[in-house]
Amino acid sequence: VNKMNKAADKKKRNRHGVKGHGSIPAFLLKTYEILENNEYKDVISWNPEGDAFIVKNTSEFAESVLPKYFKHNNFASFVR
């Protein structure tokens, strides 16, 4: 039964490994989650128009935020 549950769970995941979000890439979902977390408002936030974001402190973002959400802490990789 456990193998069947794992197989069913894999089928529910999209090509980015994220469940239940259609075709939204995991990178975008994680970035949105970071932006919506008030804990990081002094490091990264939406611009005044709300159609882009600004990384206010790249060093702190790379050292403190990126490793919590991604497998790296490389700001250049995040920007790419």
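Predicted model: local features only at pLDDT ≥ 70, side-chain atom pairs only at ≥ 80, totals over all residues.
## Starting with T31

Leave out the neighbours within four places in sequence, and T31 is in contact with F53, F70 and F78.

T31 is found in helix 2.

## The overall layout

Stepping back, the protein has four helices and two strands. Read from the N terminus on, the elements go α-α-β-β-α-α, with helix 2 covering residues 26-36, strand 1 covering residues 44-46, helix 3 covering 58-69 and helix 4 covering residues 75-79.

Of the 80 residues, 24% count as buried. The accessible surface comes to about 6100 Å², and 52% of that belongs to carbon and sulfur atoms. As for contacts between residues at least 6 apart in sequence, 22% of them join residues at least 24 apart.

## The nonpolar core

In soluble globular proteins, nonpolar side chains tend to be buried together. Here, the largest nonpolar core has 13 residues. Which of them touch the most other members? That would be I34, I44, F61 and V65. Helix 2 and helix 3 each supply at least two residues of this core, and helix 3 gives the most, with five.

I44 sits in strand 1 and counts as buried, at 1% relative accessibility. Setting aside residues up to four places away in sequence, I44 touches I34, L35, F53, I54, V55, K56 and F61. F53 is a name to remember here, as F53 is also among the contacts of T31. The C-alpha atoms of I44 and T31 are separated by 10.0 Å, with the two residues 13 apart along the chain.

## F61 and its partners

F61 lies in helix 3, and at 0% relative accessibility F61 counts as buried. What does F61 touch, not counting residues up to four places away in sequence? The list runs to I34, V43, I44, V55, L66, F75 and F78. I34 and I44, two of those partners, are also named with F61 among the core members that touch the most others.

The structure holds nine aromatic pairs. One of them joins F61 and F78: the ring centres are 5.0 Å apart and the planes sit at 65 degrees, so the pair is edge-to-face. Since F61 is in helix 3 and F78 is in helix 4, this pair ties together parts that are 17 residues apart in sequence. F78 is buried too, with a relative accessible area of 6%.

Ring pairs also link F27, F53, F61, F70, F75 and F78 into a cluster.

## Out at the surface

How exposed is F27, another member of the ring cluster? F27 lies in helix 2 and is partly exposed, with a relative accessible area of 37%. That value falls between the 20% and 50% cut-offs, which is why F27 counts as neither buried nor exposed.

F27 also takes part in a nonpolar patch on the surface, formed with I24 and L28. Together, the three residues have about 260 Å² of accessible area. F27 therefore belongs both to this surface patch and to the ring cluster that includes the buried F61.

Note on methods. Residues numbered from 1 in each chain as written. Heavy atoms only, no water. Buried < 20%, exposed > 50% of the residue type's maximum accessible area, 1.4 Å probe, protein only. Contact = heavy atoms within 4.5 Å. Areas by Shrake-Rupley, 256 points an atom, 1.4 Å probe, with all protein chains shown as cover. Patch = residues over 30% accessible without salt bridge, like charges linked within 9 Å, V, L, I, M, F, W, Y side chains within 5 Å. Salt bridge = Lys/Arg side-chain N within 4 Å of Asp/Glu carboxyl O. Core = buried A, V, L, I, M, F, W, Y, C linked by side-chain atoms within 4.5 Å. Phe/Tyr/Trp six-rings, centres within 6.5 Å; stacked < 30°, edge-to-face > 60°.
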